[in-house]
Amino acid sequence: MTTFDEEMMKRALREAADDFAISDTAMESILDEARDSGASDESPRIRAFIQRNGRTRSTLLAVAACVVVLAVAVPLFNSEGGASKNRTLTNAQGVVTPNSAKTVAHGVSGETITGTGFTIGANAQATLSPTSTGLTVKVPKSSSNASTVDSSLRVEEVGTIHLTVGGTHFQSTLTQLTDFATTDGGFVASTQSHMGTKATHSYSTGSIVLQVPERNFTMLVDQVRHAGVATSVVTSATDVTGQYVDLQARINALQVSRTQYLKIMTRTNSIGGILSVQNQLNSIQSQIEQLQAQLNLLNSETTYATLTVSLREAGNQVVTPAHPATGIDKAWHDSLRGFATGVEWLIRIAGPLLFMILLLAALLLIGRWTWRATERRRGGIS
Amino acid sequence: MSDAVDVDELQTWLEDGYASSVRTAYLILGNRPDAEDAVQESFLRAWKFRDSLATGSSFKPWLYRVVVNTCNSKLRKEIPHRNRRRPDDDLDDVAMIEDPIGRVTLSYDVMTALRDLPAHLRIVVVLRYYADLSEHDIAIVIGRQPGTVKSRLNEARRRLALHPALQSEAPSSINDRKERQS
């Protein structure tokens, strides 16, 4: 058709398009989907409301803009105050004294305390109390504008105590420490002891590692301190909430990726495509398992606190004080030290001296050779 | 307006316009599965934004506008990134109809010629000669001036008139079919 035949085109298009039947199932599925999404879809009403009233639309837009600006500006203004609160909380968690079973943080009116993984609203009085899964931040409901915080802190607590006990009580103290751990819901992770005898003039020493639920750690420290004479008590707590949350987030993200890849795999028809997706899935699964192992370890470390107790029998002096030296003894030692220093000095200067001697010898040889050559030339000329 | 009423309204829309929308989308996109996807998406979108249909305005161009926009979106974003289905994919459906050879030949030729047109020309041809919309309505559907529609139609006609598939096959096939029909 060199000229365009409109009627023919209409017929041809109709025939091309009407070649297949339209099924009703597709319409039913559209209706079902519309019913499912329709119950919660308020947007048409809101849009109709906005369209009806132009002023209202402008007002709503202005209000929305104000909310966005406030949402951005308030955290910026409070960022400095928030940082100081973080420091306070970190200090509170970082130094745990044996007697402190509870740490209390007071929020200043109008400020927001922001910590790792949790937020405490204005006028809040937050209480950090030990729980089975770590320290939980609880905010009283009566606080105005205070948002409920249910994020739990993950704190890893460890401690070391050096105990000195009477000679006859060494074994009984070890048993007592084991009892403390089991009573507090924990267990003995390891124990090591050396029994001394009077015949060999040795003293009994030993160490025991106790693990108890984190909430009973302070109580255990207190009990152990009074089981003998505590010569040193060191406890520390590390906040690993950030690490914990980060691991969880990474695991979640990888799980989402895995689900996506599984969906892709169901739609992949070619063998190459399936193998490629399978490789990705294997890699993701491996990463998930690694992160899960780290998370489990962290979970275990924060669930149980570790206390290492070093035991020593009374009278066992590890460090002997130095005896004051007498005059002759001192002179003899000084003499020996001087001799050794002299030998050291000789050895130290031997290297540079040897170098200087070799250099001089080389210069002498060169000078002699030059002198002889000069003399020979003079003799030849004359 | 309750949700039940809304869904009834959607059902009316579907009964009135689903089949023609799928066929229009089929001509624009060139294959049936994509056309059905596009129309399903279009109806849900149209129903969601049903309040944007101004009172008193014509429903048909508005619905076609949503369908054409969805088809355009598919042509731009989705279809170029995969192997394009050929019209042969739908031959199973056509094989059951009366006089399959003549109709398949003509359908194939028309689809070939349409596929070779640029999308913006193909759309106006389909809307004009299949959906039977006026130039004014096509202008509403594609969101352009009527003058633009006119020039696009002219350009499309010129290209179709010169297309080898329609040039060689069309007169004979039409005559043959006319004879067969009589």
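How many of the 10 residues of strand 10 of chain A are buried? Of these residues, 7 are buried, so strand 10 of chain A is largely enclosed by the rest of the structure. A residue is termed buried if 20 or more other C-beta atoms lie within 10 Å of its own, exposed if 12 or fewer do, and partly exposed in between, with C-beta atoms placed from the backbone.

The model is predicted: local features need pLDDT of at least 70, side-chain atom pairs count only at pLDDT 80 or more, and totals for chains, interfaces and linings use all residues. Residues are numbered from 1 along each chain as its sequence is written, and chains are lettered from A and ligands numbered from 1 in the order in which they are written.

View 1. Chain A has 10 helices and 10 strands, whereas chain B has 9 helices and 0 strands. Helices (H or I, at least four residues) and strands (E, at least two) are DSSP runs numbered from the N terminus. Buried residues account for 19% of the 382 residues of chain A and for 36% of the 182 residues of chain B. Among contacts with a separation of 6 or more, residues 24 or more positions apart supply 66% in chain A and 67% in chain B. Two residues are in contact if their C-beta atoms, placed from the backbone, lie within 7 Å.

**View 2. The open sheet of chain A.** In chain A, 5 strands form an open sheet in the order 7-8-10-6-9, with mixed pairing. Strand 7 (187-194) and strand 9 (229-239) of chain A are the edge strands, each pairing on one side only. From one strand to the next, the twist averages 10°. Two strands pair if DSSP finds at least two bridges between them.

**View 3. Strand 10 of chain A and its partners.** Strand 8 (residues 205-213) and strand 10 (residues 304-313) of chain A run antiparallel and are joined by 9 bridges. Within this pairing, A:Ser207 stands opposite A:Ser310, and A:Val209 stands opposite A:Thr308. Strand 6 of chain A pairs with strand 10 of chain A in the parallel sense over 8 bridges. A:Thr160 also stands opposite A:Thr308. Helix 9 (residues 271-303) of chain A lies across strand 6 (155-165), strand 8 and strand 10 of chain A, and runs at about 45° to strand 6 of chain A. Axes are lines fitted to C-alpha atoms, for helices over the stretch in contact, and angles run from 0 to 180 degrees between N-to-C directions.

**View 4. Surroundings of A:Val188.** A:Val188 belongs to strand 7 of chain A. With 16 other C-beta atoms within 10 Å, A:Val188 is partly exposed. Leaving aside neighbours within four places in sequence, A:Val188 is in contact with A:Thr178, A:Ala181, A:Ile208 and A:Leu210. The C-alpha atoms of A:Val188 and A:Val212, 24 residues apart along the chain, are separated by 8.7 Å.

**View 5. Helix 3 against helix 7 in chain B.** The axes of helix 3 (residues 59-78) and helix 7 (residues 135-142) of chain B come within 8 Å and cross at roughly 45°. The two helices of chain B are therefore oblique to each other; angles under 35 degrees count as roughly parallel, over 145 as roughly antiparallel, 65 to 115 as roughly perpendicular and the rest as oblique. Helix 3 of chain B contributes B:Pro61, B:Tyr64, B:Arg65 and B:Val68 to the contact, and helix 7 of chain B contributes B:Asp137, B:Ile140, B:Val141 and B:Ile142.
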